[in-house]
Amino acid sequence: MSVLLTPDQTAFLQGTLSMNVGAVGRDGWPCVCRAQGLVVARDRRSLTVLLSASRGRAVLESLDAGSAITLVASRPATHATLQLKAARAARVGVSAAHHAASARCVAAFGAELETLGYAAGLSATLAGVLPTDDLVALRFAPDIVFDQTPGPDAGRVLAHT
Amino acid sequence: MNISLESLRPCLDGAIPAVVATASPDGTPNVAYASQVHYVDSEHVALSFQFFSKTRENVLAHPYAQVQVIEPKSFRHFRLKVHYLRTETSGPLFEYMKAQLAGIAARSGMAKVFALRGADVYRVLDIENVDPRLLPAPAPPDALLKLRRTFAHLGACDDLTRLADRALAALAHGFGIRHALLALLDETGGALYTLASLGYSASGVGAEVALGEGLIGVAAREAIPVRINYHTGDYTYHAALYVADPASPRIPLPVLADPHSQIAVPLTHGEYLVGVLYAESEENAFFSHADEDALVVYGRHLAALIVQLAALPDDAEPALAAPAPAPSGAPLAVRYFAHDHSVFVDNDYLIKGVAGSILWTLLNEHAASGRRDFCNRELRRDPRLPLPDFGDNLETRLILLARRLAERCPQIALEKTGRGRFRLELARPLQLNAG
């Protein structure tokens, strides 16, 4: 049985986030790719994370080969960060809702960075960096959730199976 | 590697947080934010080690990681395959990262939780451009051109006074720097004194900084350039707070109370540290990596000039003494304290240390014999002055003394009459008291 995300964690994961997905290749090398969208299932036991097939080739190959997955999601304005891990992730079909979720996540991320003093026009730049034309959807049910907010308590386990 | 690590230096300034992916021995991935990915050389980066984290546990067991960095403005991502080599907990790299982390931490609002435990050094094995279809960020202004303009403005300097005047003004022309100061290492090697400044309401000439304290002191102690790109709330690096001896009278450093960018560059000539060039700005990220490179070159040039000019022989012929009207008016009360060679005029602090001792010697000599013309050679031989046998900084001490007098007590002046020669000018009679 997977972890049941709390309502607060669910709200956080559906908010404005900077996200990265990690995996480990068959050769033992860890790899990472920026994710560009996240949808939490209604039962709060699984998530679907979206990334670009071309930008995340190594991560996707590692996951296809059976690697465990990790997702780190951070709110730029507060640095509040969660890390969720699962023993495996599965590719699922990309829906119109996924495309919409990705566009919404990227736009919110860019808008928040602009309010934090990063370059004006960053939202438009990010839309170019993180296009939605080759999205891949990965679904996983987290086995463990960590508080990863920078500081001495980073790494504290919030929930596990 | 098809992509050079040098070309990624704009990504390694802490503007946008990097992430680092590691693997535990059982193959579980971990991704964490890295506060700082620091460019070490063309093959190495260093990551800040602040907490005993999963990342650290993983790399100690399985020393392979991937670091993702982002180019500001273009937002192009790059991934670095890296191999953990070692952790440094002291020395130049550690001190540089510690200072720079203070700026990064303040920018990210995390100043209270960021403290550097070590600099984790990694060899970079491969660099991947994640976004090859995107255009790179516009190139920053050419630092070499800035340096060339600076040298052009500096021109030929045949004495130290002119060099002290021009060294900072040239930076304004070349780099657009509006606030800077030049501090030289004193005879003890334990402190620096300000010889010249640019762009402050008070010149701060004579202000001292203890070695190892603040950004200027760290740059001097480690003989490394230190650059902080963002306003830092870490008072450790506030140049203004550091003085050589807090208990003694002091001249405040004139620096900005709230700088958003700071750089301190050592002035080194061979292995010999001459002083530190410090510049600051109210803008974030004012100084680039390339600016740092260029200012290091400029610092070496200034150091060589200072050493060369200080070694020139004094003029042989004594200058003719001009007739001087006898000073009139109420006498100035000049008080001297031998324990720190401090001099007060009408109860206002003027100067201390070697410069104070020189002034007191000159004034006493004048009172006893009426002499007004002096030369550096006789001062070097004078047993009353606390000058070391070598590297006495006498010429720069005299420049400092002349400037301090001009600012605080223009009734007493030192006028240059030739190389290594100068004249004491008095506009008021003096009353000398040793306290």
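In which loop of chain B is His341(B) found? His341(B) sits in the loop between β14 (332-337) and β15 (342-345) of chain B, with helices (H or I, at least four residues) and strands (E, at least two) taken as DSSP runs numbered from the N terminus. The model is a predicted one, in which local features need pLDDT of at least 70, side-chain atom pairs count only at pLDDT 80 or more, and totals for chains, interfaces and linings use all residues. Residues are numbered from 1 along each chain as its sequence is written, chains are lettered from A and ligands numbered from 1 in the order in which they are written, and side-chain values use heavy atoms, with hydrogens and water left out.

His341(B) is not a glycine, yet its phi is positive, at about 55°. With a relative accessible area of 19%, His341(B) is buried; buried here means under 20% relative accessible area, exposed over 50%, and partly exposed in between (1.4 Å probe, protein chains only). Asn347(B) is another residue other than glycine with a positive phi, near 70°. Asn347(B) belongs to the loop between β15 and β16 (348-351) of chain B, and at 70% relative accessibility it counts as exposed.

For 161 residues, a compact globule would have a radius of gyration near 15 Å, and chain A agrees with its 15 Å; the radius is taken over C-alpha atoms, and the globule rule is 2.2 Å times the number of residues to the power 0.38. Along the principal axes, the C-alpha atoms of chain A fill a box of roughly 45 × 35 × 30 Å. Of the 161 residues, 53% count as buried. Taking contacts (heavy atoms within 4.5 Å) between residues at least 6 apart in sequence, 66% join residues at least 24 apart. Chain A exposes about 6,600 Å², and carbon and sulfur atoms supply 53% of that area, as worked out by the Shrake-Rupley method with a 1.4 Å probe; for residues, only the protein chains shown count as cover.

Helix α3 of chain A (residues 96-115) gets a closer look. At 1.5 Å a residue its 20 residues should span 28 Å, and the end C-alpha atoms are 29 Å apart, which agrees; the expected span is 1.5 Å times one less than the number of residues. The buried residues of α3(A) include His98(A), Ala101(A), Cys105(A), Phe109(A) and Leu113(A). Seen down the helix axis, the buried residues of α3(A) fall within an arc of 165°, so they line one face; the arc is that of the directions from the helix axis to the C-beta atoms. An α-helix has 3.6 residues a turn, so residues three or four places apart point the same way. On the face turned away from the buried side of α3(A) are the exposed residues Ala96(A), Ala97(A), Arg104(A) and Thr115(A). The buried residues of α3(A) pack against several elements of chain A, among them β1 (18-24), β4 (47-52), α4 (122-129) and β8 (135-140). After α3(A) comes Gly117(A), with a positive phi near 100°.

Leu63(A) is in helix α2 (residues 57-64) and counts as buried at 5% relative accessibility. Leaving aside residues up to four places away in sequence, Leu63(A) touches Ala23(A), Ala68(A), Ile69(A) and Leu138(A). Ala127(A), in helix α4, is partly exposed, with a relative accessible area of 45%.

Over all chains, the structure holds nine aromatic pairs. One of them joins Phe109(A) and Phe75(B), edge-to-face, at 6.4 Å centre to centre with 70° between the planes. Phe109(A) lies in helix α3 of chain A and Phe75(B) in the loop between β5 (64-70) and β6 (77-88) of chain B, so this pair joins two chains. Both Phe109(A) and Phe75(B) are buried. Phe286(B) and Phe287(B) also pair edge-to-face, at 4.9 Å centre to centre and 80° between the planes. Phe286(B) counts as partly exposed at 21% relative accessibility, whereas Phe287(B) is buried, at 2%. Phe337(B), Phe344(B) and Tyr349(B) form one aromatic cluster. Rings of Phe, Tyr and Trp (its six-membered ring) pair if their centres lie within 6.5 Å; planes under 30 degrees apart count as stacked, over 60 as edge-to-face and the rest as tilted.
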